[in-house]
Amino acid sequence: MLLPAGGVGMTSTMDDINLIQQAQRHHLVVRELGEEIDLEIGPGDDDPSFPHNSLLGVQPHESSAKEHAENKLLMGSQLPNEDHDLSKAQTGKRKKKVVKRWREEWADTYKWAYVDVKDGTARIFCSVCREYGRKHRRNPYGNEGSRNMQMSALEEHNNSLLHKEALRLQQASKEKIIVDKPIYVKALMSKTAGSIVEAALRRDPHETEFIQSVQEVVHALERVISKNSNYVNIMERLLEPERTIIFRVPWVDDRGETHVNRGFRVHFNQTLGPCRGGLRFHPLMNLSIAKFLSFEQTLKNALSPYRLGGSSGGSDFDPKGKSDNEIMKFCQSFMNELYRYLGPDKDLPSEEVGVGTREMGYLYGQYRRLAGHSQGSFTGPRVNWSGSSLRTEATGYGLVFFAQLMLADMNKELKGLRCAVSGSGKISMHVLEKLIAYGALPITVSDSKGYLVDEDGFDFMKISFLRDIKAQNRSLRDYSKTYARSKYYDEAKPWNERFDVAFPCASQNEIDQSDAINLVNSGCRILVEGSNMPCTPEAVDVLRKANVLVAPSMAAGVGGVIAGELELKECNLNWSPEDFESKLQEAMKQTYQRALKAATDFGYQKESPEALVHGAAISAFLTIASGMADQGCA
């Protein structure tokens, strides 16, 4: 609060003494807009069980003579000339008050507090706890125990019960919450499209990954939205998930200790049909990532040949370093809550990061036990109790088929091209397999610690060796001990190697601006997204300006959706690899053609580096928007 500035007035020695005495009392009077507000700072009941030490690290100090002189001058200067008579009259009264200015240089002293009105009375509130109470106002050292009223009030506050509890909760949250990342806001051509992003930002300002995904899609839909204003309302409805499930997952480890993780499942949109989407077990999993993945999955499913809704979820549980028994206990506890939201006509989960055949088996076993039936299957389990024999290969193979379709339109082929692949999970391994089958030369894989490059390229025997390394939880560094022409680089990414086609298959935002520059300088001309949203917004801008053709994961990664539905609809058939690949190739071709047609229909050139990105989003959105319009406000 700011008081009207007054001229510096010289007061008598007696007046100075009176003002200093008033400063030691427990009343703070603040003048605002000509009105004087009396803020009571005591007295109150003290809690003797709490030690009187400061939790904020602010140490009380003795005021020097110079500080006393400055305080006298400051207090004298706070009274306007016309109020001098009133001030002198007040000094004769027994009720002693002190008038101070709330000044910028006092910000450090008062940063712990703010003034607000409660029940018609202005009070001092704690900036940490947002609470007002006697415990925040009581001076544990007594009325005469402190020479500086501000320091006394701060000490009093630091020793309050409410403040100690607030600090404890604040510290506990800091240990788990990662510092917020700044949100990169793209400049959009139309104000209408910009308003959609602004509304999402206002609603979910801290959900960085979700906002980034929304921006990319809205940017791709600008021409669609500008042609039909009705799509604005539909887009705003689409951006709010139909159902968000957050639940605790308690489990007991092998030592008998209890742990609690957080589970997520987001049913983003079911306009086209029942939900399908992955489960991710990773320590960084949170609601923002669950919403972003389910939003991307909704669009991906809409682009597929099947009528499906989109979902995603998982937990901040880390399966690394856990025994089979611990993982089984966690999966069973996770399914105890989630099973009631699953079913062939509701939602079926599939594999994602941290969730493989073992985890899906445990999850499905508990689901079958709780649901009392085995209708449908989770996508990804073992062949002897699921459908398609090539389900796990579908996503990786589909990426390579999609790249081949892009090259065919350029009168080129994969044979002989150097390819950089990131990640070393299931998708990455299957990408390597199919690249080798097409005659390409894959040269890299990576993990969380660095990347491995083999200048001779990988072959099927080397891929088998890589799988053994990963199955034994060893580092990719061990590969270079066997193959001399290979090298492992710590704390690095593979994008500065020389290659023609990139397959990022690790995680979201794995390619930042500097990586994109390295990628362009390495001679890369095609990027096929294996992971969802692998490029940061700054990286996307670099790739666009360099005319790098981008195949979005929304279209290129649809192979997993196709295989999952094939195994559900024709679960009694065991496809031969040839039959399965033929069906997968045909479905990928249809997806590719749908994306290209949608792009050209809205004026994007087929050769444009963003044609597939825009076309995939447009085709998926129009399919969903048509269903939402037909079904009304539901």
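Predicted model: local features only at pLDDT ≥ 70, side-chain atom pairs only at ≥ 80, totals over all residues.
**Entry 1: the cores**

I began with the inside of the protein. The largest nonpolar core holds 99 residues. I looked up which residues have the most contacts inside this core, and they are M235, F295 and F503. Next I picked M235 and listed its neighbours, leaving out residues up to four places away in sequence. M235 touches I196, V217, V218, L221, F295 and F621.

**Entry 2: a pair of rings**

I counted 21 aromatic pairs. One of them joins F268 and F295, whose ring centres are 5.3 Å apart. Is this pair stacked, edge-to-face or tilted? The planes meet at 40°, so I noted the pair as tilted. F268 belongs to strand 6 (residues 258-269), while F295 belongs to helix 11 (residues 287-303). The pair therefore ties together parts that are 27 residues apart in sequence.

**Entry 3: a cluster, and charges over rings**

Which rings are linked into a cluster? I wrote down F247, W251, F281, F317, F330 and F334, which ring pairs link together. F317 has a lysine to go with it: K322 lies over the face of the F317 ring, 5.2 Å from the ring centre. I found a lysine over F210 as well, where K291 lies over the ring face at 4.4 Å from the centre.

**Entry 4: two asparagines in loops**

Last, I looked at backbone angles. Most residues other than glycine have a negative phi. With that in mind, I stopped at N473, where phi is positive, near 55°. N473 sits in the loop between helix 16 (460-471) and helix 17 (479-482). Is N473 buried or exposed? Its relative accessible area is 73%, and because exposed means over 50%, I marked N473 as exposed.

N509 also has a positive phi, near 60°. I located N509 in the loop between strand 14 (501-503) and helix 18 (513-521). Its relative accessibility is 24%, so N509 counts as partly exposed.

Technical notes
Residues numbered from 1 in each chain as written. Heavy atoms only, no water. Core = buried A, V, L, I, M, F, W, Y, C linked by side-chain atoms within 4.5 Å. Buried < 20%, exposed > 50% of the residue type's maximum accessible area, 1.4 Å probe, protein only. Contact = heavy atoms within 4.5 Å. Helix = DSSP H or I, 4+ residues; strand = E, 2+ residues; numbered from the N terminus. Phe/Tyr/Trp six-rings, centres within 6.5 Å; stacked < 30°, edge-to-face > 60°. Lys NZ or Arg CZ within 6 Å of the ring centre and 35° of its normal.
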